[in-house]
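Morning, everyone. Let me put the model up, and then I'll walk through it.

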Amino acid sequence: MSLRFVILGGGPAGHQAATYAARLGAKVTVIERDVFGGAAHLWDCIPSKTMIATGGAISFAHRIEGMGLGHAEAAVDTEALTARISRIQDDLSHDVVELLSSQNVRMIKGSGRFTGTHTVLVDGPEGPEEIEFDAALISTGSRPRIPDWCDPDGIRILTTRDCYPPKLFPKSITVVGSGVTGVEFVHMFSSFGADVTLVVSRQHVLPGKDPEVAGVLEDDFVERGVKLLKGARAESIELNDDGDGVIVKCDDGRVVRSTHAVLAIGSVPNTEAIGLEAAGVEFDSGGYIPINHHCVTNLPHIYAAGDVSGKLPLSSVATMQGRKVAEHVTGLHTIEHRHVDYDKAASAIFTEPEIADVGLAEAEAFASGRKIRVTKVPFSSSAKALINNDPRGFVKIISDPATGVVLGGSIVGRHAAELISVLALAVTANLRVNDIVESLLVHPALSGALADAAE
Ligand SMILES: Cc1cc2nc3c(=O)[nH]c(=O)nc-3n(C[C@H](O)[C@H](O)[C@H](O)COP(=O)(O)OP(=O)(O)OC[C@H]3O[C@@H](n4cnc5c(N)ncnc54)[C@H](O)[C@@H]3O)c2cc1C
């Protein structure tokens with residue numbers, strides 16, 4: 001009899017595990033309460049990047065004057081943008097459903113929770129159903145963190161999920177939180193013409209990232225007129241007396257007034273109402289589920305993947321974990337298996353310029369005393385960047401001075417999120433800088449800067 005594998009949550013981790021495990025012979029059921037494709041499609045990656053792409057087109061219209069063309073103004077059509085976001089979400093979710101059905105995965109729409117070590121109860125539109133399983137995956141994702149000093153109303157005091165569809169663009173907005181999500185929202189709202197203030201708790205945006213990279217982004221923000229409130233922690237957000245604006249108070253006494261405010265201060269895992277205690281699955285004080293390198297929890301037949309695992313909160317990582325779970329649960333890992341190497345995950349920040357990195361960071365290497373070779377080339381020396389009228393940013397490659405093996409790198413500039421793939425492949429496959437130098441790349445192309453930086 002086939003292994004009965006039940007998955008709670010049909011986001012990137014869940015649907016990847018489902019399709020692959022089914023292909024490898026398991027009898028799979030996925031329980032999803034909202035949309036197959038997950039929060040990634042409904043709230044996070046897809047709508048935010050769609051809005052950012054439209055904002056990027058507006059910025060591009062501003063830049064075309066330098067390309068031998070006259071002045072162009074792009075006006076936002078809110079209805080068309082809303083329709084575009086929904087269309088992309090629907091198409092992607094439809095693809096996920098098609099893929100799951102093509103592998104005979106049973107999909108149940110509803111909320112699931114464990115009722116024992118081998119049973120899940122689904123509370124769906126067709127009434128409750130108890131399902132027995134041999135193995136299960138918890139991939140219920142996460143939601144925005146809301147601190148106790150703030151009560152979002154979804155109209156003026158927003159979480160990231162209240163920003164789509166864009167019913168009305170704010171005239172002015174205060175973004176609280178200067179991590180990846182915060183800076184992407186600053187970029188997005190300022191592209192659409194809002195007056196933006198960013199509350200930055202440290203001295204630089206993007207804590208933990210290369211300060212040189214953060215510096216380029218801050219320069220862009222200042223050029224756009226974004227106000228950076230550095231060294232300040234928001235401690236309250238309230239509606240003003242007229243109810244037509246918000247007041248953000250910081251711990252150093254500074255006060256910001258704007259028509260809207262958005263919280264971008266991280267997320268919390270969706271693990272509190274899924275019967276972890278009934279199943280006997282352990283979780284930490286933050287609600288995250290500890291896993292081993294096979295994504296196995298404290299119970300050998302229950303896995304956790306994606307945001308609930310408390311590893312890197314990225315769709316790409318969730319997908320890879322889902323794949324590894326499928327290999328392990330069906331026994332394929334005994335033949336061929338590579339663990340998820342979180343240190344080698346590429347990531348990108350969809351600002352302007354884009355920022356992407358992978359592997360070892362310069363600061364990290366210095367902190368650990370590891371000897372590295374750092375080479376850097378600015379895009380201002382790239383023919384294609386000049387042709388694109390966008391010479392901002394640089395490519396930085398970190399390699400081992402003895403062997404030439406590529407250990408990491410960062411790219412700041414146009415299409416950085418695409419270009420980083422070359423360095424991600426090099427880092428994963430232990431390629432040497434010479435392998436990049438000796439690749440016959442296209443000219444003129446931004447990838448030429450990668451070859452130059454590898455020299
Ligand atoms: C604003 C924003 C932008 C982002 N942009 C990017 C990006 O550009 N690139 C990137 O790699 N990452 C991005 N991320 C992160 C990415 O969205 C997450 O890491 C990813 O969605 C995690 O996938 P997951 O499978 O763990 O869960 P999710 O995508 O959160 O899916 C979990 C699913 O489980 C369902 N669920 C929950 N509880 C139950 C239950 N009891 N029963 C049934 N179903 C349940 C939920 O409805 C949901 O559909 C972004 C995050 C945010 C907040």
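Start with helix α5. Its buried residues are Val180, Thr181, Gly182, Val183, Glu184, Phe185, Val186, His187, Met188, Phe189, Ser190 and Ser191. Buried here means 20 or more other C-beta atoms within 10 Å of the residue's own; exposed means 12 or fewer, partly exposed is in between, and C-beta atoms are placed from the backbone.

Before going on, two housekeeping points. This is a predicted model: local features need pLDDT of at least 70, side-chain atom pairs count only at pLDDT 80 or more, and totals for chains, interfaces and linings use all residues. Residues are numbered from 1 along each chain as its sequence is written.

Also, helices (H or I, at least four residues) and strands (E, at least two) are DSSP runs, numbered from the N terminus.

Back to α5. It covers residues 180-191 and has 12 residues. From first C-alpha to last it reaches 17 Å, close to the 16 Å expected at 1.5 Å a residue. That expected span is 1.5 Å times one less than the number of residues. Why call α5 largely enclosed by the rest of the structure? Because 12 of its 12 residues are buried.

What covers the buried residues of α5? The cover includes α3 (45-63), β10 (172-176), β11 (195-200), α6 (211-224), β16 (260-263) and β19 (347-349). Contact, throughout, means C-beta atoms, placed from the backbone, within 7 Å. After the helix comes Gly193, with a positive phi near 95°.

Next, the cores. A nonpolar core is a set of buried Ala, Val, Leu, Ile, Met, Phe, Trp, Tyr and Cys residues joined through C-beta atoms within 7 Å. The largest one has 74 residues. Val175 and Ile420 have the most contacts inside it. Helix α11 (residues 416-428) gives the most to this core, 8 residues. At least three residues come from each of domain 2 (157-265) and domain 3 (353-454).

Look at Val175. Leave aside its neighbours within four places in sequence, and Val175 is in contact with Gly182, Phe185, Val186, Val196, Leu198, Val199, Val262 and Ala264. Another core lies apart, with 49 residues, among them Val6, Leu100, Ala135 and Ala305.

Now domains. The bounds come from an automatic or database domain assignment. For the protein chain, that gives domain 1 (4-144 + 269-334), domain 2 (157-265) and domain 3 (353-454). Taken over C-alpha atoms, the centres of domain 1 and domain 2 are 28 Å apart. At their boundary, 15 residues of domain 1 are in contact with 13 residues of domain 2. On the domain 1 side, α3 and α4 (78-102) each supply at least two residues. The largest share, 8 residues, comes from α3. That side divides into 9 nonpolar, 6 polar and no charged. For the classes: Ala, Val, Leu, Ile, Met, Phe, Trp, Tyr, Cys and Pro count as nonpolar, Asp, Glu, Lys and Arg as charged, and the others, Gly among them, as polar.

On to the ligand. How many residues surround the ligand? The count is 37, and the closest are Gly9, Gly11, Gly38, Gly141 and Gly306. The elements giving two or more residues to that shell are α1 (12-23), β2 (27-32), α2 (38-42), α3, β4 (111-114) and α8 (315-329). A residue is near the molecule if its C-beta atom, placed from the backbone, lies within 6 Å of it. The shell divides into 12 nonpolar, 18 polar and 7 charged.

Two peptide bonds are worth a look. Glu352 to Pro353 is cis, with omega near 5°. Pro353 sits in the loop between β19 and β20 (354-359). His443 to Pro444 is also cis, with omega near -10°. Pro444 is in the loop between α12 (433-437) and α13 (448-454).

Leu206 has a phi of about 55°, in the loop between β11 and α6. Buried or exposed, Leu206? Buried, with 22 other C-beta atoms within 10 Å. Cys295 has a positive phi of about 70°, in the loop between α7 (276-279) and β18 (302-304). Cys295 is buried as well, with 30 other C-beta atoms within 10 Å.

Finish with Asp148, in the loop between β8 (142-144) and β9 (157-159). Asp148 counts as exposed, because it has 5 C-beta neighbours inside 10 Å. Its C-alpha is 9.1 Å from that of Ser236, 88 residues apart along the chain.

Definitions and conventions: Contact = placed C-beta atoms within 7 Å.
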